[in-house]
Amino acid sequence: MFRFLTSRAAWPAWGLLLIGLVTTGLVSHALRRDVDRHIERDFSAHGAAVSRLLQDRLTARTQALQAAAAALATGLDRAGWHQYVRALQLPRTLPGVRAIGFSIVLTPAELGRHVAQVRAEGFPAYTLFPPGQRPLYSSLVYIEPADGPGRQALGYDMYSKPSRRGAMDLARDSGQVALTGPLTPIPDLGVDAPTTVLMFAPVYRPGLPTNTPAERQAALLGWAVGAGDARALVAALLADLPLPLDEATAVSVHDRTVPHDAALLYAAPAQPAGPLPYALHYPLDVGGRHWELTLQRATLAAAGDYRAYWRGAIAGTLLSVLLFAVTVLRIRGQQQALENAIAMQTALRERERQATENNQLLNLALEGAGVGIWDYRPAERRVIFSPHWREVVGLPPSAPLDEPVDAWLARIHPDDRAATEAAIETLQNQSAQQFRHEYRLRRAEDGYFPVEARGAVVERDAAGRPLRLIGLSLDVSELRRAQQHAETRSRLYAALSACNAAIAHCRDQRQLFADVCRTVVELGGLTMAWIGLLDPASGRIVPAASAGTGTDYLDGIEISVSADDPHGHGPTGTAVRENRPVWVSDFASNPLTAPWHRRAAPYGWTAAAALPLCRRGQAIGALTIYTVDLDLQDPDLQQLMAEMASNICFALDKLAAEDAARAHQATLLEAEQRFSALIEQSIAGAFIVQNDRFTYVNPRLCTMFGYQDPSDLLGRSPRQLVAAKDLGRVTEQLAGVLAGQLLHRHMLLTALRADGSPLEVAIDFALTHYQQRPAVVGLVQDLTDREVAAQHIRRYTAQLENAFRQTVRLVTLLVERRDPYTAGHEQRVARLAVAIGTEMGLAGGVLQGLDVGGQLHDVGKMQVPVEILTKPGRLTDAEYALIKDHAQAGYDILKDVDFPWPVALIAAQHHERLDGSGYPRGLKGDQIILEARIVAVADVVEAMALHRPYRFSEGLDVALQEIERGRGSAYDAEVVDACLRLFRQKGYALDGAGNGDDGSAQAALPAPAQDLATDS
């Protein structure tokens, strides 16, 4: 066999073999190239189909936003918009769209009125932001979901940022949906993805031409805004494709309108396993943006795609195998063509399914929003309506979906039927292109309900007569109720504001009551209002002011506050007796108002309410209101009326405080006059020296020194009246007092009369402040007759004692004059401190110190500005810090006065607490003197137990509970126990009963004057 193969005879066989091998190689090469072309064509066809499906789905999303814009153009308000978007079911129907809203166009001139309108709709804090002056604004006024994080974006100026303004201008000028490029996260719209995009669909005013960009700009009302995550949006679009992409295909979407580093919107997988040399790119038109879909693969062919090639290579010399391979290739080509045809047919069916789905979503949205669709054919006099509207009007399911227009008109309320027919007639006469009308329609079981119908002529004949009208009918019952509620609330807000203005300017109670009643009726929309005051003697409510329709109802009316009297069970008597608001929604039939049914019958009142009016926490009367159409059970209305009553109570307290302040000022003036008379008529000479000059001398001093008139001494140096032998000593003592080194001086010296004769005198002087400047005040006694001098000294001692007491009282009155709201506080604290000390068994000298220290413990308030002391509202931190400084200021004023008691330390420590929580130094335990601990407890009880015009009293029980709670921690336990025994066991009262007529505690008096003096 070997020899045969190597013989010349075999050469033709080898030649055939060579030809066969060459033929096999050539055929195999051609076969591989054919396989590659088929794979590339399949991949390209598959990618084109995916691109078309993605484009169709993107178009469907923009059409949904255009549908929302069309709904807004019909005039949907906030409630209608909420119903419309809720029916869309965003997460299911528009995956990737997180929020949808409406941004209205505003010029600077429209801005103020727009903000006021939105606030009146129930958004009192609404305002546009970011702030700044701009030629045009676009405020986000609707945002859904309404309860999502995007609610805080209400009022955001969408037109304020260039990144959004370009898309808004494109949508406005083109009339189509426009998208922004990828934006930073927008948490205020509820979207925090890094690939956030905004979609804008223009909303034009109906009836205006929109054929050119200029016309569209003029007709622009605003934009429907959709906010979504581009990554989630593309993922949703690629989900459930009828032509799924295998795992080896990498998919990405870029926005080619922006720079490359920010262009990527979607990529799956995010990090490919290796290089992807094969790529296909398909353009996508998305709202004026140039998106690009990219499909990439590492290799186009799978492992089995070249199986036919290898079979052909191995059996290339056999014709049967070659024919078989050719047959397989032809069959495979036919199958591929068939698959391509099937894919194209599937894509067409998917587009039809998407269109059907969009129509279903639109119908679902309309039905979910309570909207019915109607189609009216004037020539046939028939109207066709949607199945859902049949349910709204209460027709059975078997009822036909079309009927004669006369049957439809018969369901309209008789009072609205003529106007509805006239509106339809206007359309038929070609005088209008669009139809918008509101009427009342009969529901089968519930009577009539309000309906708003909107429509347009969609087809006319050659003569211009309408052949077809299509529109929507919307149940606006809830909308009208919401509008009525908003109007009521707006009126009440205006009434509350006007009442506050009346309160701010009131000067007397009569005018205040008259203004309040008139304002409640005129601005609040109430029928009648009156204010009655309690007569304590008879227990009856007496009308003091009234306004509105039916004020003669009050003539001779009998209302009691007694629970045992039938006339005390009504709203007014109950409100005053129980000090709480009373709301009666069935006034004409309620048994509690039976005594007044016949009297009130002519006025038709359906509801009434009474709100107590208080002075210092005690009910003194009531504001009573009547209405025929308002719901007095509305929580908003009740809150506003309660706030109004509270403000009136504040005004009553303010008027009472002003009356008390005027009376207190008159008392203080009388005290000053009494003190002046005392000094002027004193048997001792009195003087005040400032800057080494007399600034005041009393008549006794002039007589003593032989001068005719005080003006002869004013302006002269006191050293001119001192004999030469005592001049150095007097000069030294005066200098020491002025420098603060000496507190009080008592001297015996020889003075000089006007004629130069000597005069033996005793003089006491000390450092003080007069007209806000340092001064030396002193008393002079004539001691020329030694025998008489002893008597004079005793009288002088008594006078000094009385003058000291009067001086302490005068300082207290000066402090109270600066702070009239706490008038009498120092006296009451002093009395209670003395009583506590007595209960503790303290000595008389300590009790005297408690009396003086209690009266002077707040003397530091003289350095606190009057505006802060009399401020009726809450203090700021800085103002409160100034108040807290009064303890240290009191110590600074008193520390240089030579009291026999620790008066300055009482003033400094009466706000310190045992546990170190007090001020100004945070002292603890025994660092606080006993007298300061006693005054601290007395101060807390008096402050909490008694009323202040700027706040109500917390009551004696609460005050005692406070010191009992702090027993041993904040307050001294022995002091607290003594105070509790006084009130709970011995009936002590803070009103000063049992004391002198002037309210001062007579049990504790200052020590004799000679005990205060120090020898010179």
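## Basis of the values

The model is predicted: local features need pLDDT of at least 70, side-chain atom pairs count only at pLDDT 80 or more, and totals for chains, interfaces and linings use all residues. Residues are numbered from 1 along each chain as its sequence is written, and side-chain values use heavy atoms, with hydrogens and water left out.

Helices (H or I, at least four residues) and strands (E, at least two) are DSSP runs, numbered from the N terminus.

## Crossing of α28 and α30

Helix α28 (residues 930-945) and helix α30 (residues 973-984) have axes that come within 10 Å and cross at roughly 40°. Axes are lines fitted to C-alpha atoms, for helices over the stretch in contact, and angles run from 0 to 180 degrees between N-to-C directions. The two helices are therefore oblique to each other; angles under 35 degrees count as roughly parallel, over 145 as roughly antiparallel, 65 to 115 as roughly perpendicular and the rest as oblique.

The contact (heavy atoms within 4.5 Å) involves Leu930, Arg933, Ile934, Val937 and Val941 of α28, together with Val975, Val976, Cys979 and Phe983 of α30. Eight of these contact residues are nonpolar, none is polar and one is charged. Here Ala, Val, Leu, Ile, Met, Phe, Trp, Tyr, Cys and Pro count as nonpolar, Asp, Glu, Lys and Arg as charged, and the others, Gly among them, as polar.

## The sheet β7-β6-β9-β8

An open sheet is formed by four strands in the order β7-β6-β9-β8, with antiparallel pairing; two strands pair if DSSP finds at least two bridges between them. At the edges stand β7 (264-268) and β8 (278-286), each with a single partner strand, so one side of each has no neighbour in the sheet. Neighbouring strands are turned by 15° against each other on average, direction ignored.

Strands β8 and β9 (residues 289-297) run antiparallel and are joined by nine bridges; Ala279 has Gln296 in β9 as its bridge partner. Helix α8 (residues 230-238) packs on the sheet and touches β6 (250-255), β7 and β9, its direction making about 45° with that of β7.

## Strands around β15

Strand β15 (residues 466-475) runs antiparallel to strand β10 (residues 371-377), with six bridges joining them. Ile373 has Leu472 in β15 as its bridge partner.

Nine bridges pair β15 with strand β14 (residues 447-460), also in the antiparallel sense, and Glu452 stands opposite Leu474 in β15. β14 and β15 form a hairpin with five residues between them, and Gly464 in the turn has a positive phi of about 90°.
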